[in-house]
Amino acid sequence: VMLRTIVGRIEKRSGVSSASVKTVLDALQYEILQTLADGNSVRLGDLGSFRLTMHGKGASTAKEAKEKGANLIKRMSVRFTKSSTMRMALDKRNLIFGAQDDIRNAK
């Protein structure tokens, strides 16, 4: 689902203009990225939390770690952990599947 679809849905549910919704979601995105870059995790209530994880090589000494710095990092990713509320809502025993149009044939 594209952001514009979510913005439209929120606009209908809340009565807030789509421009205002988009502005708030853009600000949320910025704040999440900034908070992760600062080394903190972000907890979004009943949605869940985001945290930054890094994988790399270790250094033998503090001096080596300081010299190589970011070059020791091989991969960074963002982990999302769903809240218990989301976990219950998405429990496979509670999901209902129905017929869906084949997207390859949609016009």
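Biologist: Ground rules before we start?

Modeller: This is a predicted model, so local features need pLDDT of at least 70 and side-chain atom pairs count only at pLDDT 80 or more, while totals for chains, interfaces and linings use all residues. Residues are numbered from 1 along each chain as its sequence is written, and side-chain values use heavy atoms, with hydrogens and water left out.

Biologist: How many helices and strands in the protein?

Modeller: The protein has 4 helices and 3 strands. Helices (H or I, at least four residues) and strands (E, at least two) are DSSP runs, numbered from the N terminus.

Biologist: And what pattern along the sequence?

Modeller: The pattern reads α-α-β-β-α-β-α. The radius of gyration is 20 Å, well over the 13 Å that the globule rule gives for 107 residues, so the protein is more spread out than a compact globule. That radius is taken over C-alpha atoms, and the rule is 2.2 Å times the number of residues to the power 0.38.

Biologist: What does the C-alpha trace span along its principal axes?

Modeller: About 60 × 35 × 35 Å.

Biologist: What share of the residues is buried?

Modeller: Of the 107 residues, 13% count as buried. Buried means under 20% relative accessible area, exposed over 50%, partly exposed in between (1.4 Å probe, protein chains only).

Biologist: New topic. Which aromatic pair turns up?

Modeller: The count comes to 1 aromatic pair. Phe50 and Phe80 form that pair, and it is tilted, at 5.0 Å centre to centre with 55° between the planes. The rule takes rings of Phe, Tyr and Trp (its six-membered ring) with centres within 6.5 Å; planes under 30 degrees apart count as stacked, over 60 as edge-to-face and the rest as tilted.

Biologist: Where do the two Phe sit in the chain?

Modeller: Phe50 is in strand 2 (residues 48-56) and Phe80 in strand 3. They are 30 residues apart, so the pair links distant parts of the chain.

Biologist: Is Phe80 buried, exposed or partly exposed, and which value says what?

Modeller: Phe80 counts as partly exposed, at 37% relative accessibility.

Biologist: Now Arg79. What does Arg79 touch?

Modeller: Arg79 lies in strand 3 (residues 73-82). Not counting residues up to four places away in sequence, Arg79 touches Ser49, Phe50, Arg51 and Thr53. Contact means heavy atoms within 4.5 Å.

Biologist: What separates the C-alpha atoms of Arg79 and Thr53?

Modeller: 6.9 Å, with the two residues 26 apart along the chain. Arg79 itself is partly exposed, with a relative accessible area of 45%.
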